[in-house]
Amino acid sequence: MQTVSSCDLNPSVKVKLLNAGFHSAADLADLKPLQLSKEVGLSQEEALEVLQAVRRSTDRDRGGGGGGGGARQLTALELLEKEQELGTIVTFCSALDSALGGGVPLRKTTEICGAPGVGKTQLCLQLAVDVQIPECFGGLGGQAVFVDSEGSFVVQRAVDLARAAIQHCSLQAHDTQQQRAMKDFTQETILSNLFLVRCYDYVELLAEVYLLPDFLSQHPNVRLLVIDSIAFPFRHHFDDMSQRTRLLNGLAQQLIQIATNHDVAVVLTNQMTTKVWSGQSRLVPALGESWGHAATQRLLLHWAGPQRLASLYKSPSQVETTVSYCITGQGFRDVDQSQQLEPSTSFPSSQSGSQSKRPRIQED
C-alpha cells in the first residue's frame, strides 16, 4: 500500500498530513482539494499539489493503470495500428486537415496560439462539434469536454456550428446506415454531448484537471478535451514565477497522461505576448519558453493583412507549413481560391498584430 511518507512531498507537508491522520494514499483517495485544505491546514494550492503527487505515485505503482508490476510495453507496430484505428478530428478546413496529417490527432496534445479575434475559440468549438460526427461519415462519434477559463464559450455559436455540421452530413447521407445515423445526429444530441466546465482561476483549473481522469472513466466516449485558454489563469496573481513553472510542468504531464490513458485529443489555446529582443519586438506565445515544449504539436493562428493564416511550426510527424483559412457563419472553413493570398511563413511581429479591426466572421 502506498504510504504518505513515500510520496514526493515537502517534509513539512508530510508531517501535517500524518498529524491529521492521513497515513496512506487510500486515506486521500476521495478527498477534494478544498476539503483536504481545511482538514490539514494547507493552502488550496498545497492541497492540490498533495493530491496530484499522491495520484502520480499511485499510478507509478500500478504501472500507469496497466496492472502488474510495470507499465505495459508496446511495439512500434502496435502503437502505429492503435493510432490509425483511433483516427483524427477534422476541422472542416481541408488545407489545415492536410497540414495536420488528416486532422487533430487523438492521444496527443495540440496547442493553438494566436492573438485575440484570430479564431482560436472558433476552431475549438468546431472541433467540439466535429468530434461527434458519426463513424459512418468518417467521424469518431465521440463526446467533448470544453473547459472555459476566459468566458469565451458562446452557446449560440455552438448551435450555429452544429446546424452547419448536420446540414453537411445530411447532404452526404447516401446509404441506409448514414440515413439512420442522421436521426441521432441532431442539434440536441450534439449539445448534450458537449460537457462545459467554467473555471475562474488557476486553482479551479488545476482541480478540474485533477478530477478529469475519473470523469473520463465514467464517460468513455469522450474523445476531445479543450482548455480555452491555458494562459489566462496563469498570467495573473503570481509573485513566485518558479511556482508557476512548477504548476505548469505538472499540468502538462497530467494532460499528456489524460491524452494517452483515455484516448482523447487534448487541445489547448494560448495567448500571445510581446517579447523585445535586440531592439526588436515580436509577438510570441505566452507562458515562457519552457511551456513551449509541453504540447506535442503547436499551431499558430495569425494575420497577413486581411487573410487568416495557420502555421504548424512544431510537430513530430508533419512538416512545418502555413495554410489559409477563414471563419464563416458555418464555422472554420477553407478560403476561396480566388481570394487566397500567398501565405507568409514569417512569425507575426507586434507591429502587425492588430492595428486595424478585422472581422471575426467573414462573409460566406
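The contact, meaning heavy atoms within 4.5 Å, is made by Tyr 202, Leu 206, Val 209, Tyr 210, Leu 212, Pro 213 and Leu 216 of H11 together with Leu 247, Leu 251, Gln 254, Leu 255 and Ile 258 of H12. By class, this contact of H11 with H12 has 11 nonpolar, one polar and no charged residues. Here Ala, Val, Leu, Ile, Met, Phe, Trp, Tyr, Cys and Pro count as nonpolar, Asp, Glu, Lys and Arg as charged, and the others, Gly among them, as polar.

This is a predicted model, in which local features need pLDDT of at least 70 and side-chain atom pairs count only at pLDDT 80 or more, while totals for chains, interfaces and linings use all residues. Residues are numbered from 1 along each chain as its sequence is written, and side-chain values use heavy atoms, with hydrogens and water left out.

Two packed helices are described by the angle between their axes and the distance between the axes. H11 covers residues 202-218 and H12 covers residues 241-261; they pack at an angle of about 20 degrees, with axes 11 Å apart. The axes are lines fitted to C-alpha atoms, for helices over the stretch in contact, and angles run from 0 to 180 degrees between N-to-C directions. H11 and H12 are therefore roughly parallel to each other, since angles under 35 degrees count as roughly parallel, over 145 as roughly antiparallel, 65 to 115 as roughly perpendicular and the rest as oblique.

Turning to the whole chain, there are 13 helices and 13 strands; helices (H or I, at least four residues) and strands (E, at least two) are DSSP runs, numbered from the N terminus. Buried residues make up 49% of the 364 residues, where buried means under 20% relative accessible area, exposed over 50%, and partly exposed in between, with a 1.4 Å probe and protein chains only.

Helix H7, residues 120-130, is mostly covered, as 11 of its 11 residues are buried. H7 and helix H8 (residues 155-172) pack at an angle of about 50 degrees, with their axes 9 Å apart. That makes H7 oblique to H8. Their crossing is right-handed. On the H7 side, Gln 122, Leu 125, Gln 126 and Val 129 meet Arg 157, Ala 158, Leu 161, Ala 162 and Ala 165 of H8. This contact has six nonpolar, two polar and one charged residues.

In the loop between H7 and S4 lies Cys 136, which counts as partly exposed at 22% relative accessibility. Beyond its neighbours within four places in sequence, Cys 136 is in contact with Gln 177, Gln 178 and Ala 181.

Strand S4, residues 143-148, contains Gln 143, a buried residue at 13% relative accessible area. Gln 143 and Asp 130 are 13 residues apart in sequence and 9.5 Å apart in space, C-alpha to C-alpha.

Finally, how many disulfides are there? The count is zero, a disulfide being a pair of cysteine sulfur atoms within 2.5 Å. The sulfur of Cys 93 is 7.5 Å from the closest cysteine sulfur, in Cys 326, which is too far for a bond. Cys 93 is buried, at 0% relative accessible area, and Cys 113 is likewise buried at 0%.

Note on methods
Left-handed = near helix turned anticlockwise from the far one by under 90°.
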